[in-house]
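Here are my notes on the model you passed along. Have it open while you read.

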Amino acid sequence: MTYRPRFTIGVSLKMYFGHAEALRWFDRVAELAAGHPALLSGAAELFVIPSFPALPAAVERLTPAGVLVGAQDLFWEDRGAFTGEVSGAELAELGCTLAEIGHAERRRLFGETDETVARKIAAALRNGLTPVLCVGEADRTDPERAAADCIAEFDSAISAVEPGAAGRILVAYEPHWAIGAAEPASPAHIAGVTERLAAHVAAVPGYEGSRVIYGGSAKPGLLPKLGSAVGGLFLGRFAHDPAALAAILDETVQLAEVPA
Ligand SMILES: O=C(CO)COP(=O)(O)O
């Protein structure tokens, strides 16, 4: 079964923007998305993951334009004495529909482990949030070994999901070495990993509709080189200019005309 929309395009703003800057960016992206043929035709769905304090404004300004909003992290408990943390329950209440989990920066700088990732995946699914699960090899290697690392990360990440709570996951393949770089990984490397990873994910019962997207210095021009090897892109810096995001949405329209 072909999942619609054809491509998922996501943007994480990480901690790049101040508040006023984020609001201006939301307004420009809302304007772009509301009239874009990619969203209107089902060629693409678009999600935005801003900082926590910007979430209510993002929901208010982007949701009417058909853009999904998610958080950059969540805690694995739903309520209690956990100073500084944010629950999936509150995120869902705010109108978020996604939660990013296990980004390489959180693993490297904030002590995220396979165990905490697994607990957070369970928390997201139990609160009705679609996890954006980040996986990827730490060091440059061949696609076979990279795919094996990603598959092990995926299996570990779903290991704490409560029975009956499995659901759609957006798996973001982000090789650590390609994040914050000048160029993305090569199309051959990306396809060599995403095709193996997607085949594995598709065979796990309960996770139907999941898809694998690529992140790590992704920018206009990459998607046409990948075609159906990926379910979409997860963008960082190269979506700060809304014109670049528009160019990528244009590419999804052209690609959607080619049968999957
Ligand atoms: O980590 C990323 C998205 O989560 C990618 O960021 P960059 O495209 O800025 O490398």
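The points below start with the ligand site and then move to a few individual residues.

1. Ground rules first. This is a predicted model, with local features needing pLDDT of at least 70, side-chain atom pairs counting only at pLDDT 80 or more, and totals for chains, interfaces and linings using all residues. Residues are numbered from 1 along each chain as its sequence is written, and side-chain values use heavy atoms, leaving out hydrogens and water.

2. Who surrounds the ligand? The shell is made of Lys14, His103, Glu174, Ile179, Gly180, Gly216, Ser217, Ala218, Phe234, Gly236 and Arg237 (a residue counts if one of its heavy atoms lies within 4 Å). By class that gives three nonpolar, five polar and three charged residues, where Ala, Val, Leu, Ile, Met, Phe, Trp, Tyr, Cys and Pro are nonpolar, Asp, Glu, Lys and Arg charged, and the others, Gly among them, polar.

3. Now the side-chain pairs to ligand oxygen atoms. An N or O atom of the Arg237 side chain is 2.6 Å from one, a polar side-chain atom of Lys14 is 2.8 Å from one, and for Glu174 the value is 3.0 Å. Alone, the ligand exposes 300 Å², and the protein buries 100% of that (Shrake-Rupley areas with a 1.4 Å probe; for residues, only the protein chains shown count as cover).

4. Lys14 is not a glycine, yet has a positive phi of about 45°; look for it in the loop between strand S1 (7-12) and helix H1 (19-34). Ser217, also not a glycine, has a positive phi near 60° and belongs to the loop between strand S7 (211-215) and helix H9 (222-226). Helices (H or I, at least four residues) and strands (E, at least two) are DSSP runs, numbered from the N terminus.

5. Is Ser217 buried or exposed? Ser217 counts as buried because its relative accessible area is 7%, and buried means under 20%, exposed over 50%, partly exposed in between (1.4 Å probe, protein chains only).

6. Asp73 sits in the loop between strand S3 (68-71) and helix H4 (88-94). With 6% relative accessibility, Asp73 is buried too. Its side chain makes a polar contact with that of Arg106 at 3.4 Å; such a contact is a pair of N or O atoms within 3.5 Å, and within protein one must be able to donate a hydrogen and the other to accept it, with sequence-adjacent residues counting only if both atoms are side-chain atoms.

7. Last, Thr116 in helix H6 (residues 114-126).
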